[in-house]
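Subject: Structure for you to look at, with notes

Dear colleague,

Please find the structure below, together with its sequence. I would be grateful if you could read my notes with the model open beside them.

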Amino acid sequence: MKRILIIIVALCSLTSCKTLTAYREPEEVIIISSVAFSKEKESYIFTVQSEEEKNNLYKTSADSFSKAIEMLNRDMYSSLLYSHCAVIIIDSELSIQNIKEIIKLSLDIFPLNARIILSHNSNNLLKSNKPIGFELLRYLQEKEDTNKLIKSTLYKVANQKDIITLPIIEEIDGGFTSKVIKVE
Amino acid sequence: MDIFDYENIKLTDNFEENTAYIKDIFKNDDIFRTRDFLFMGKYKCAIFFLDGMVNNVILNESLLEPMLSFKAEPFEAALDDFILERVIYAAESKKNETVADMLSALLYGDTLLIIEGCKSGITVNTKGWRTRGISNSENEKVLWGPKEAFDEAVMLNMAMLRRKLPTPDLCVEFVKIGRRTDTRAFITYLSSIVNRKALNILKERLKKIDIDGILDANYVGELINKNKFSLFKTIGTTERPDTVASNLLEGRVALFIDGTPVVLTLPYLFSENFQSGDDYYTNYIFAFIGRILRYICFFLSISVPALYLALITHHKQLVPTDFLLTVIKSRDGVPIPCILECLLLLFIFEILRETGQRVPQSMGHALSIVGGLVVGQASVEARIVSAPTLIAVALSGIAGLMVQRLNSAVVYSRFILVLLGNYFGLFGYIAGVFTLMSIIFSLDSFGTDYTSSLIKPNFSTLKDTFFRAPWYKMNSRPYTLSENRKRQGERK
């Protein structure tokens, strides 16, 4: 009798688990491999790219980045899975305040080992239908072996104080170029 | 009427009446044989036996020939005592007072001799029924070490045990179970080291059995088991004489039952599920690998499908990205949800396993082709199931085969954990594992904690659990089993 009671208590306690609502079949989620933050005029643009071969770009704009993220999550037919996001691309035109806001926001959403990079035109990187996240990650990992400053994980960048060191990446002829800059 | 109905019935001194009475009991039995003759040319005698149950050579040479060829001589004792002492050659013969005793011996292959003017009947051991004989152990195979397994004839089994333990310390207590089958059973133990508590509990529970027939050890096993609804075995079963001998040497009790090659051993501990004869017959370093693999496989067999489902449906963030992408790609086009896919494969695996045990050996190849290619490869190609799920279920199934003794527990636990993992994620799985552990730790086997060898902080009991210590280190018996702990003396 005691044993049955323990089992019932154990099972009942599970009904309040958050994981109950987290149930999704694997094909019901979109795995996001890279995201980009940019600004056009007064609207903040949030772009995500999944690992699918076609139709893999999803974009939204709002008054702020947090609203843009919220809107995209709400409006998508499938839930977006950010936990495998490899690269966070920030438009280099954004101000230091915006970058700091993005980093703060990213800490709640993206994995701590995701790489943060700058790009002169972030939408250029995510423009094509070709998924770029893991390819870019591999490129960065190769570069990290030779230049330690390129290593820009979210965790490391979030711990930097006033001056933030970030790699700036551009796509040229199907390849990438990189250099490290300080954002003040 | 059963044998116990004849318990108070005795024969008279009227020969014709006695023989008619015995014949009347077996009037519907066509293999019942009888023969009348004169002893010393004047005393009427009759023998009764069951055809096929007796050895005709023994019957002729030890009973009929001496009786018929005996030359008349004067005697003062009663006729039945005189025949018993002076005439019959058989090594085992005795005088019976009640009809129940006579019938019991007769039905077990003895020959009954009724003599004119005597109220008692003499039974002569002429047993001669055929047995399967000693063969290799099918269910507990070992690469090295003894190969022989028990037979269905309990006396042969007792002889095999005696050969392993030629010591007067070996006690054999005879009990009869089953109102109609009158099945012979023997409680065996080593008197100086036996776990008395377990022995007494066994005797008490055996006394309470009131069933018409016992045809196998499992009948008795279920009737004497306190944990009736437990998935985990709390009574050991073996068909190997060496295993019984080693169990007795650790202070356990063995119950031999006539008509089955399976012997029950108790108390049975959880760690015994992971032991194999080979562990003791090969190098202890090598044995460690096998032993630890069995523990790992038990964990894998109950956990892999549940963990797989929990991770891909609830905790995708914990799955490596490449693996998650592979799962998603392989799930493309599969019409059923992961849980149904998993349950379907587990169900098919159980069908294949059950079929594999029952089909003749010659059909085994066909079955493996059907199971491996048709159900496995074809169902993946037809997009009925996905390859990662198939791999998870196959790994779980194969791992489960490593711990055959925990088969029922593994099958049920696996299904329950799969459901918990799918609907509650890792929290459900962990809750399930804790519940399972609470069940295991609450069990006891004939007065001994089921997990006593694992939880008591005593290194000597651990020497034969997760690993097997070298023999020179196993100086004492597990204290949870026997109070007489000294296994070996000081080495010189």
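The notes below go from the contact between the chains to salt bridges, a helix pair and a few single residues.

This is a predicted model, in which local features need pLDDT of at least 70 and side-chain atom pairs count only at pLDDT 80 or more, while totals for chains, interfaces and linings use all residues. Residues are numbered from 1 along each chain as its sequence is written, chains are lettered from A and ligands numbered from 1 in the order in which they are written, and side-chain values use heavy atoms, with hydrogens and water left out.

**Where the chains meet**

Between the two chains, 27 residues of chain B are in contact with 21 residues of chain A, contact meaning heavy atoms within 4.5 Å. The size of an interface is often given as the accessible area lost when the parts come together. Here the area buried between chain B and chain A is about 2,100 Å², and carbon and sulfur atoms give 71% of that area; buried area is the accessible area, taken with a 1.4 Å probe, that two parts lose on being put together, summed over both.

Across this interface the rule finds 2 salt bridges, a salt bridge being a side-chain nitrogen of Lys or Arg within 4 Å of a carboxyl oxygen of Asp or Glu. A:Glu25 forms a salt bridge with B:Arg331, with the closest N and O atoms 3.3 Å apart. Between chain B and chain A there are also 8 residue pairs in polar contact, both residues being at pLDDT 80 or more. A polar contact is a pair of N or O atoms within 3.5 Å; within protein, one must be able to donate a hydrogen and the other to accept it, and residues adjacent in sequence count only if both atoms are side-chain atoms.

On the side of chain B that touches chain A, the elements giving two or more residues are α10 (284–313), α11 (321–331), α12 (338–358) and α15 (407–442) of chain B, and the largest share, 10 residues, comes from α15(B). Helices (H or I, at least four residues) and strands (E, at least two) are DSSP runs, numbered from the N terminus. By class, that side of chain B divides into 16 nonpolar, 9 polar and 2 charged residues, where Ala, Val, Leu, Ile, Met, Phe, Trp, Tyr, Cys and Pro count as nonpolar, Asp, Glu, Lys and Arg as charged, and the others, Gly among them, as polar.

**Salt bridges**

Side chains of opposite charge can pair when their charged atoms come close. Over all chains, the structure holds 30 salt bridges. In one of them, A:Arg115 pairs with A:Glu144, with the closest N and O atoms 2.8 Å apart; this pair links distant parts of the chain, since A:Arg115 lies in strand β6 (residues 115–119) of chain A and A:Glu144 in helix α5 (residues 133–146) of chain A, 29 residues apart. Both A:Arg115 and A:Glu144 are buried, where buried means under 20% relative accessible area, exposed over 50%, and partly exposed in between (1.4 Å probe, protein chains only).

In chain B, B:Arg252 forms a salt bridge with B:Glu250, with the closest N and O atoms 2.6 Å apart. B:Arg252 counts as buried because its relative accessibility is 3%, and B:Glu250 is buried at 12%. Elsewhere, salt bridges that share partners join B:Glu350, B:Arg353, B:Glu354, B:Arg358 and B:Arg414 into one network.

A:Asp63 and A:Lys67 also form a salt bridge, with the closest N and O atoms 3.9 Å apart; A:Asp63 is exposed, with a relative accessible area of 58%, whereas A:Lys67 is partly exposed at 45%.

In chain A, the axes of helix α2 (residues 65–75) and helix α3 (residues 96–109) come within 10 Å and cross at roughly 35 degrees. Axes are lines fitted to C-alpha atoms, for helices over the stretch in contact, and angles run from 0 to 180 degrees between N-to-C directions. The contact is made by A:Phe65, A:Ser66 and A:Ile69 of α2(A), with A:Glu101, A:Ile102, A:Leu105 and A:Ile109 of α3(A).

B:Thr465 is found in the segment after α17 (459–462) of chain B and is buried, at 1% relative accessibility. Not counting residues up to four places away in sequence, B:Thr465 touches B:Ser271, B:Arg291, B:Tyr295, B:Ser453 and B:Leu454.

With best wishes
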